[in-house]
Amino acid sequence: MSTLDVEDFIQQNRAVADQVETYRGYWESEKHWLVRREFILRNMTEYDDEQLDQLLALSMVWSNNVFLGCRYSTELLEKVKEMAEGIEVEDAPVFKTRDEIMKAQQMTSSSSLLLMPAEI
(Lines give C-alpha, C1' and ligand atoms only; values in the text may rest on other atoms or scores of the structure.)
Protein backbone atom coordinates (compact mmCIF):
# COMPACT_ATOMS: atom_id res chain seq x y z
CA MET A 1 0.00 0.00 0.00
CA SER A 2 1.65 3.24 -1.12
CA THR A 3 1.09 6.63 0.49
CA LEU A 4 -1.50 7.41 -2.18
CA ASP A 5 -3.23 4.09 -1.46
CA VAL A 6 -3.30 4.95 2.24
CA GLU A 7 -5.01 8.26 1.50
CA ASP A 8 -7.55 6.48 -0.74
CA PHE A 9 -8.15 3.89 1.99
CA ILE A 10 -8.74 6.65 4.55
CA GLN A 11 -11.27 8.36 2.28
CA GLN A 12 -13.14 5.11 1.64
CA ASN A 13 -12.99 3.80 5.23
CA ARG A 14 -13.68 6.85 7.37
CA ALA A 15 -14.67 4.86 10.48
CA VAL A 16 -11.42 2.86 10.45
CA ALA A 17 -9.42 6.02 9.78
CA ASP A 18 -11.11 7.77 12.70
CA GLN A 19 -10.35 4.80 14.95
CA VAL A 20 -6.67 4.81 13.90
CA GLU A 21 -6.45 8.56 14.65
CA THR A 22 -7.18 7.74 18.30
CA TYR A 23 -3.87 5.83 18.45
CA ARG A 24 -1.82 8.99 17.91
CA GLY A 25 0.27 10.00 20.90
CA TYR A 26 0.02 13.63 21.97
CA TRP A 27 3.83 13.86 21.69
CA GLU A 28 3.93 12.77 18.03
CA SER A 29 4.66 15.41 15.43
CA GLU A 30 2.65 15.39 12.23
CA LYS A 31 5.66 13.98 10.37
CA HIS A 32 6.09 11.11 12.85
CA TRP A 33 2.39 10.37 13.05
CA LEU A 34 1.75 10.24 9.29
CA VAL A 35 4.30 7.47 8.72
CA ARG A 36 3.35 5.56 11.88
CA ARG A 37 -0.31 5.78 10.81
CA GLU A 38 0.70 4.38 7.42
CA PHE A 39 2.54 1.54 9.21
CA ILE A 40 -0.61 0.74 11.22
CA LEU A 41 -2.96 0.92 8.23
CA ARG A 42 -0.71 -1.23 6.05
CA ASN A 43 -0.61 -3.98 8.69
CA MET A 44 -4.10 -3.84 10.24
CA THR A 45 -5.45 -6.71 8.20
CA GLU A 46 -2.79 -9.04 9.62
CA TYR A 47 -3.87 -8.41 13.23
CA ASP A 48 -7.29 -9.07 14.73
CA ASP A 49 -8.80 -6.96 17.52
CA GLU A 50 -7.16 -9.06 20.25
CA GLN A 51 -3.74 -8.43 18.67
CA LEU A 52 -4.19 -4.68 18.15
CA ASP A 53 -1.95 -3.79 21.10
CA GLN A 54 0.83 -5.87 19.54
CA LEU A 55 0.48 -3.98 16.23
CA LEU A 56 0.55 -0.63 18.03
CA ALA A 57 3.63 -1.68 19.99
CA LEU A 58 5.37 -2.76 16.78
CA SER A 59 4.49 0.56 15.18
CA MET A 60 6.12 2.37 18.11
CA VAL A 61 9.22 0.17 17.90
CA TRP A 62 9.56 1.05 14.21
CA SER A 63 8.93 4.76 14.81
CA ASN A 64 11.33 4.92 17.76
CA ASN A 65 14.03 3.21 15.72
CA VAL A 66 13.58 5.51 12.72
CA PHE A 67 13.15 8.84 14.51
CA LEU A 68 14.94 8.40 17.84
CA GLY A 69 17.59 5.83 17.01
CA CYS A 70 16.39 3.36 19.64
CA ARG A 71 17.89 -0.09 19.26
CA TYR A 72 16.14 -3.40 19.69
CA SER A 73 16.94 -7.05 19.05
CA THR A 74 17.94 -7.96 15.52
CA GLU A 75 14.88 -10.20 15.10
CA LEU A 76 12.48 -7.48 16.19
CA LEU A 77 14.06 -4.85 13.94
CA GLU A 78 13.97 -7.23 10.97
CA LYS A 79 10.27 -7.85 11.61
CA VAL A 80 9.27 -4.17 11.81
CA LYS A 81 11.45 -3.21 8.86
CA GLU A 82 9.74 -5.89 6.80
CA MET A 83 6.34 -4.61 7.96
CA ALA A 84 7.35 -1.05 7.00
CA GLU A 85 8.75 -1.95 3.61
CA GLY A 86 7.78 0.73 1.09
CA ILE A 87 7.02 3.45 3.62
CA GLU A 88 8.97 6.53 2.66
CA VAL A 89 10.27 8.66 5.52
CA GLU A 90 11.49 12.08 4.47
CA ASP A 91 14.46 13.60 6.28
CA ALA A 92 14.90 10.71 8.69
CA PRO A 93 17.78 11.39 11.08
CA VAL A 94 20.95 9.33 10.80
CA PHE A 95 22.31 7.96 14.05
CA LYS A 96 25.81 6.77 14.82
CA THR A 97 26.78 4.44 17.61
CA ARG A 98 29.46 5.37 20.10
CA ASP A 99 31.78 2.85 18.44
CA GLU A 100 31.29 4.47 15.04
CA ILE A 101 32.05 7.92 16.47
CA MET A 102 35.16 6.68 18.27
CA LYS A 103 36.43 4.92 15.16
CA ALA A 104 35.95 8.08 13.08
CA GLN A 105 37.82 10.12 15.69
CA GLN A 106 40.68 7.62 15.77
CA MET A 107 40.96 7.70 11.99
CA THR A 108 40.99 11.52 12.03
CA SER A 109 43.67 11.70 14.70
CA SER A 110 45.74 9.00 12.93
CA SER A 111 45.63 10.85 9.63
CA SER A 112 46.56 14.15 11.31
CA LEU A 113 49.64 12.45 12.81
CA LEU A 114 50.75 11.52 9.31
CA LEU A 115 50.55 15.18 8.27
CA MET A 116 52.76 16.45 11.11
CA PRO A 117 56.34 17.30 10.06
CA ALA A 118 59.00 15.06 11.54
CA GLU A 119 61.08 16.61 14.31
CA ILE A 120 64.78 16.99 13.59
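Glu30 is partly exposed, at 46% relative accessibility. Residues count as buried under 20% relative accessible area, exposed over 50%, and partly exposed in between (1.4 Å probe, protein chains only). The model is predicted: local features need pLDDT of at least 70, side-chain atom pairs count only at pLDDT 80 or more, and totals for chains, interfaces and linings use all residues. Residue numbers run from 1 along each chain as its sequence is written, and side-chain values use heavy atoms, leaving out hydrogens and water.

Glu30 pairs with Arg24 in a salt bridge. The closest N and O atoms of this pair are 3.1 Å apart. A salt bridge is taken as a side-chain nitrogen of Lys or Arg within 4 Å of a carboxyl oxygen of Asp or Glu. Arg24 is also partly exposed, with a relative accessible area of 30%. The structure holds 4 salt bridges.

A second pair joins Glu21 and Arg37, with an N to O distance of 3.1 Å. This bridge links distant parts of the chain. Glu21 lies in helix 2 (residues 14-21) and Arg37 in helix 3 (residues 30-43), 16 residues apart. Helices are DSSP runs (H or I, at least four residues), numbered from the N terminus. Glu21 is partly exposed at 31% relative accessibility. Arg37 is buried, at 11% relative accessible area.

Arg36 and Glu28 form another salt bridge. Here the closest N and O atoms are 2.6 Å apart. Both residues are buried: Arg36 has 2% relative accessibility, and Glu28 has a relative accessible area of 6%. Side chains of opposite charge can pair when their charged atoms come close.

Arg42 is a further residue of helix 3. Arg42 is buried, at 16% relative accessibility. A polar atom of the Arg42 side chain lies 2.8 Å from the backbone oxygen of Glu85. The separation falls under the polar-contact cut-off (N or O atoms within 3.5 Å, one able to donate a hydrogen and the other to accept it).

Glu85 also belongs to a negative surface patch, together with Glu75, Glu78 and Glu82. Patch residues have over 30% relative accessible area and no salt bridge, with like charges joined within 9 Å. Each Glu charge is placed at CD. Glu82 is found in helix 5 (residues 74-83). Glu82 is exposed, with a relative accessible area of 61%.

Definitions and conventions:
Patch = residues over 30% accessible without salt bridge, like charges linked within 9 Å, V, L, I, M, F, W, Y side chains within 5 Å. Areas by Shrake-Rupley, 256 points an atom, 1.4 Å probe, with all protein chains shown as cover. Lys, Arg positive; Asp, Glu negative; His and termini not counted. Helix = DSSP H or I, 4+ residues; strand = E, 2+ residues; numbered from the N terminus.
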